[in-house]
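Open the model in your viewer and keep the selection tool ready. We will go from stop to stop.

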Amino acid sequence: MSEAIAIQRPAAVALPWRLLRLLPGVALLFSIGYAGKLGEALLRDYGKAHHLALPNIEYVLWAIVFGMVIANTVGVPQIFRPGVATYDFWLKAGIVLLGARFLLGDVLKLGSVSLTLVAIELAVAIAIMTLLGRWFRLKPKLTSLLAVGSSICGVSAIIAAKGAIEADDDDATFAIAAILALGAFGLFAYPALGHLLHMSDHAFGVWAGLAVDNTAEAAAAGAIYSDAAGKVAVLTKSTRNAMIGFVVLGYAIYWASRGQAKEVEGKAAFLWQKFPKFVLGFLFVSLLATFQVFDKTQVASLANLSRWAFLLTFAGVGLKTDFREIKRQGVRPFVVGALAELTITVVTLGLVLAASAIFSF
Amino acid sequence: MIMETTVLKRLTLDWWAVIAALAAVVLVKSIHLTVGW
């Protein structure tokens, strides 16, 4: 009985307190995201009123830039940090809700094309990163982390792999810094390149989903290009995320065979543990939409809820991009990462252009 | 109660995101909650 009280009491006190601690940061995410929305509307209205052909700068870009300015000038005060860290939660909830905009048939069609491209991208990314890691004489486990980060889904894949291959904290920090720096660069570079190449929304979405490492940045890069491209980017990136368990398991087995990590017991359980569960949520909502559980107004409401969730995510992407922190991590892993990303960018672009010619998208 | 606490603690961020999104789906479906943009 005393044990029950000892466990219950802290939980009862802690949960409301923990939720309360999130409020300032979530309010900051909302304010920055909403300021992004206002920025887009103001520029559009100003252009209309003065008969100027101003470019349409999406709210996504405004929100990210506002966040980056705050993070790299005044910084994010401690009181906001727990709430700002929820941006990943909003991203995943937004992806589940996005399922309402996809019929399962489209998911399977797009998913099967994406899956083939993802398989090629994974093989190319891992091979390139391993070669570059050897040439630049990076520590082998750091190379493994960079390979996992660049081939699948950035930070979460690195964290998952770090535990499985028993890498050092320093290696994980280096790899995360490199992936984040490259993600920040990709946010601006990919949409600019896409416009330069006159890519269709669909083709650009697949490319962003294949080439941009972090899910939040992939969704943002797609949404900066267009709403339709953002939708496709999220689906392609989710297909890539679903592969996380297999790649991390592969590395865990490799390092265990060299006696430098624990043996993996229960491989099926390992795969299930690493599988991104929000993909199941996305498929479930998509299944409901396929069976016409929602009417048109409800689909619109769910799509808008998804947009609001992404709005908070994009503000968080800006706020977590601290260039001073990235600079402190040193330049070598960044150079290796950048070279690998450049190659992956070119290879995935070739893949997407070939696939869009074959499948007409 | 201990079991409930343990289950809640074992839920990952992914699961919380799925639960929150499905709760929103239920609200939109059952009380016709309309969300604008």
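Select α9(A) and α11(A): their axes come within 7 Å and cross at roughly 35°. Axes here are lines fitted to C-alpha atoms, for helices over the stretch in contact, and angles run from 0 to 180 degrees between N-to-C directions. Helices are DSSP runs (H or I, at least four residues), numbered from the N terminus. This is a predicted model: local features need pLDDT of at least 70, side-chain atom pairs count only at pLDDT 80 or more, and totals for chains, interfaces and linings use all residues. Residues are numbered from 1 along each chain as its sequence is written, with chains lettered from A and ligands numbered from 1 in the order written.

Now show the residues where the two helices meet. Phe204(A), Val206(A) and Leu210(A) are among those on α9(A), and Val232(A), Leu235(A) and Arg240(A) are among those on α11(A). Contact means C-beta atoms, placed from the backbone, within 7 Å.

Next, select residues 215-225 of chain A, helix α10. Eleven of the eleven are buried, so α10 is largely enclosed by the rest of the structure. Buried means that 20 or more other C-beta atoms lie within 10 Å of a residue's own, again placed from the backbone. Glu217(A) and Tyr225(A) are among the buried residues. Colour the neighbours: the buried residues pack against helices including α2 (59-72), α8 (169-196) and α15 (296-320) of chain A.

Last, bring up chain B. It has two helices and zero strands. Of its 37 residues, 19% count as buried. Across the interface, 23 residues of chain A are in contact with 22 residues of chain B. On the chain A side, α15(A) gives the most, with seven residues.

Technical notes
Buried ≥ 20, exposed ≤ 12 C-beta atoms within 10 Å, placed from the backbone.
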